[in-house]
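I opened this entry to record what I looked up.

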Amino acid sequence: MRVYQIFVDRFSTGSNNKDYKLRYKTSKNRLGGNISGIINKLDYIHSLGFDAIWLTPIFKADSYHGYGVLDHFSIDPHMGNDHDLSTLVNKAHKLGMRVILDFVANHVSYKNEIFREASIDKNSEYRDWFTFYKNNDYLSFLNFKSLPKINLENSGARNYMLNAASYWIDKFDIDGYRLDHAIGPSKGFWIEFISVCRNMKSDFIFLPE
């Protein structure tokens, strides 16, 4: 299988005039690449002989790269909407191609409402979804405090993430997940994660980082 990776915000806006800045500008801000732009380029990608596309995170996030997730159940409005993703998947399948989404299970954004509640209210049901230390410090991805690590050994947090994994398969018929920071969550979590996905789609693809 030949997989074409797409950094969504930097790939195509769907407008040739606007795409110019994606080629020649470096920025930590969003530059406007979106799902519609991918749809427009899909025939070209297919003509190159690729069997699948892998999209960097498209879930609602606080940054252009998408790895600080705000909501695992919605598409970032900067990148498109449900209709756009459905259109992309349908077109890809008609071309005999698969669509792989980047799935971030290890951490969320510090602006995520679940984490915000957990950090403010020690009695919150979400408190144990994270690992807090003295002075309200917390475990995070590689000590980046903007990316608090999720405690996937907590049943609530684990079920949340498994439900998110199921959601995109059930609603959009996606074909696989690239597993971000796969060494972060436990082996037990990934076994359950893979089982849930494969029970829904037996040929589901996994690309662990």
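My notes on the sheet and the helices follow.

I was working with a predicted model. I looked up the strand order and found an open sheet of five strands, β1-β2-β5-β6-β7, paired in parallel. Which strands stand at the edges? They are β1 (3-6) and β7 (205-208). Each has a single partner strand, so one side of each lacks a neighbour in the sheet. I noted an average twist of 25 degrees from one strand to the next.

Next I took one pair. β2 (residues 52-55) runs parallel to β5 (residues 98-103), with four bridges between them. I looked for the bridge partner of Leu-55 in β5 and found Leu-101.

**Helix α6.** I checked its span. α6 covers residues 155-172, 18 residues in total. From first C-alpha to last it reaches 26 Å, close to the 26 Å expected at 1.5 Å a residue.

What caps the N-terminal end of α6? I found Asn-154 there, with a side-chain oxygen 2.9 Å from the backbone nitrogen of Gly-156. Just after the helix, Asp-173 has a positive phi of about 60 degrees. I also listed buried residues of α6; among them are Arg-158, Tyr-160, Met-161, Trp-168, Ile-169 and Phe-172.

**Helices α3 and α4.** I compared the axes of α3 (residues 35-47) and α4 (residues 82-94). They come within 9 Å and cross at roughly 15 degrees. Angles under 35 degrees count as roughly parallel, so I logged α3 and α4 as roughly parallel to each other. The crossing of α3 past α4 is left-handed.

Note on methods:
Residues are numbered from 1 along each chain as its sequence is written. This is a predicted model: local features need pLDDT of at least 70, side-chain atom pairs count only at pLDDT 80 or more; totals for chains, interfaces and linings use all residues. Side-chain values use heavy atoms; hydrogens and water are left out. Two strands pair if DSSP finds at least two bridges between them. Helices (H or I, at least four residues) and strands (E, at least two) are DSSP runs, numbered from the N terminus. Axes are lines fitted to C-alpha atoms, for helices over the stretch in contact, and angles run from 0 to 180 degrees between N-to-C directions. The expected span of a helix is 1.5 Å times one less than its number of residues. Buried means under 20% relative accessible area, exposed over 50%, partly exposed in between (1.4 Å probe, protein chains only). A polar contact is a pair of N or O atoms within 3.5 Å; within protein, one must be able to donate a hydrogen and the other to accept it, and residues adjacent in sequence count only if both atoms are side-chain atoms. Angles under 35 degrees count as roughly parallel, over 145 as roughly antiparallel, 65 to 115 as roughly perpendicular and the rest as oblique. A crossing is left-handed if the near helix is turned anticlockwise from the far one by less than a right angle, and right-handed if clockwise.
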